[in-house]
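Please load the model in a viewer and keep the selection tool at hand.

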Amino acid sequence: MNYTPYLVSLAIGLGVGVLYALLGTRSPAPPVIALLGLLGMLVGETAVSWAKSKLTVQEAAAHCLDSKSFATAKSGNGAEAPDRPIRNSS
């Protein structure tokens, strides 16, 4: 990935920030809390895109449900005991 445009943008932004500070002017940028929210949105979007490219829905479900069983244990008389789920030993 080519990071040059990001570094140039950061450098220009820093330069403009310094210029605003030297002139004693408030920048028109949103408050830091809003910028952190935007950063969180970008990170979340990127994480979901990355996860989608790595896993299918079926693979994700299989991973989440691995070693889980929804069957119930049989009691001594052959009746089901719904309060005791069977655990796989793997």
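In which segment does Tyr3 lie? Select Tyr3 in this predicted model: the residue lies in the segment before α1, which covers residues 4-23. Tyr3 is exposed, because its relative accessible area is 52% and the cut-off for exposed is over 50%.

Continue to Gly24, which follows α1 and has a positive phi, near 70 degrees.

Proceed to α2, residues 32-54. Its 23 residues should span 33 Å at 1.5 Å a residue, and the end C-alpha atoms are 33 Å apart, so the two values agree. How many of the 23 residues of α2 are buried? The count is 0, and the helix is hardly covered.

Finally, select the entire protein chain. It contains 3 helices and 2 strands, and the order from the N terminus is α-α-α-β-β. Colour the chain by relative accessible area: buried residues make up 3% of its 90 residues. The chain exposes about 8,000 Å², of which carbon and sulfur atoms supply 67%.

Technical notes
Residues numbered from 1 in each chain as written. Predicted model: local features only at pLDDT ≥ 70, side-chain atom pairs only at ≥ 80, totals over all residues. Heavy atoms only, no water. Helix = DSSP H or I, 4+ residues; strand = E, 2+ residues; numbered from the N terminus. Buried < 20%, exposed > 50% of the residue type's maximum accessible area, 1.4 Å probe, protein only. Expected span 1.5 Å × (residues − 1). Areas by Shrake-Rupley, 256 points an atom, 1.4 Å probe, with all protein chains shown as cover.
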